[in-house]
Amino acid sequence: MADVRYGSLAAPGSVNEDYLVAGPTWAFVLDGATAPAGVDSGCRHDVRWLVEHLAAHLAVPLTLGTSAPLTDVLADAIAATRGDHEATCDLDNPDSPSSTVAILRRRGNAVDHLVLADSAVVLDIGGDVRCVTDDRLDHLPSYTPDVVAAHRNRPGGFWVASTSLDAPYEAITGSSPASDVRRAAVVTDGVMRYVELLGLGDWADLLDDLGFEGPYGVIARIRAAEEARFGTDPRGPTGKRIKKHDDATAAYVLMEHT
Ligand SMILES: [Zn+2]
């Protein structure tokens, strides 16, 4: 693609459950979801294990330059990850570890994207900046552990990368002519906070800042804004308690047009 810069930082004092891999023509981010305390996931592995295995199985075909649809690439990665623990874990358990996915890939004269759950792809197409998100997790009837589990990877609910081979085909996908894409980013929700929770700017400002300051500069500014806003009272706009800090990950891509 061209100039790819990336950064990933755990929330202070925690294990980073985000993951990022980038190559010359592609980049993706994953954000592992922590099961509620006391819930039996049926899996002996932790969320970090899940994102590492999913990342490894996504990175191989992308490195080898596959032109298969990103839905198929993700389905194959989930199938391979299933194979890594089907002998030891109950893969039918609806609380099995899971992850969001956001992938960007240059494929000849096209730039493909795929978004599953609450990570995002930000695209600058001829100066028009848009954020591709999947907001189905925002529309559940309630957020008790039972309700979330009952809606996970089910029609009418929300979809994440876990054990379901149907989930990739529910992702938000699209392609843009490569000649129209100036720059782009893949980000986890810890970086989406820049726009959505902290109001540091819009999506175009985020791309500008990722370009000027680099991902770690942007993440440092997000951390400072979180400290100022939530340092003494970690409540979001609706009054609900939120995480003061979150794992934050971004890859910024400046497209090369030769
Ligand atoms: Zn397992």
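Phenylalanine 28 lies in strand S3 (residues 26-33), where strands (E, at least two residues) and helices (H or I, at least four) are DSSP runs numbered from the N terminus. The model is a predicted one, in which local features need pLDDT of at least 70 and side-chain atom pairs count only at pLDDT 80 or more, while totals for chains, interfaces and linings use all residues. Residues are numbered from 1 along each chain as its sequence is written. Phenylalanine 28 counts as buried because it has 29 C-beta neighbours inside 10 Å; a residue is called buried if 20 or more other C-beta atoms lie within 10 Å of its own, exposed if 12 or fewer, and partly exposed in between, with C-beta atoms placed from the backbone. When neighbours within four places in sequence are left aside, phenylalanine 28 is in contact with Val21, Leu58, Val101, Ala102, Ile103 and Val186, a contact being two residues whose C-beta atoms, placed from the backbone, lie within 7 Å. Phenylalanine 28 and valine 187 are separated by 159 residues in sequence, yet their C-alpha atoms are 8.4 Å apart in space.

Valine 186, one of the contacts of phenylalanine 28, also stands opposite alanine 251 in strand S10. Strand S9 (residues 181-187) and S10 run antiparallel and are joined by 5 bridges, two strands being taken to pair if DSSP finds at least two bridges between them. Strand S1 (residues 2-9) likewise runs antiparallel to S10, with 8 bridges joining the two, and leucine 9 is placed opposite alanine 248. S10 itself (residues 248-255) is mostly covered, with 6 of its 8 residues buried.

Helix H4 is also mostly covered, 6 of its 8 residues being buried, namely Asp189, Gly190, Val191, Met192, Arg193 and Tyr194. These buried residues pack against strand S2 (18-23), S3, strand S6 (120-125), S9, H5 and S10.

The packing of H4 (residues 189-196) with helix H5 (residues 203-230) has an angle of about 125°, and the axes are 11 Å apart; axes are lines fitted to C-alpha atoms, for helices over the stretch in contact, and angles run from 0 to 180 degrees between N-to-C directions. H4 is therefore oblique to H5, since angles under 35 degrees count as roughly parallel, over 145 as roughly antiparallel, 65 to 115 as roughly perpendicular and the rest as oblique. Val191, Arg193, Tyr194 and Val195 in H4 meet Trp203, Leu206, Val218, Ile219 and Ile222 in H5.
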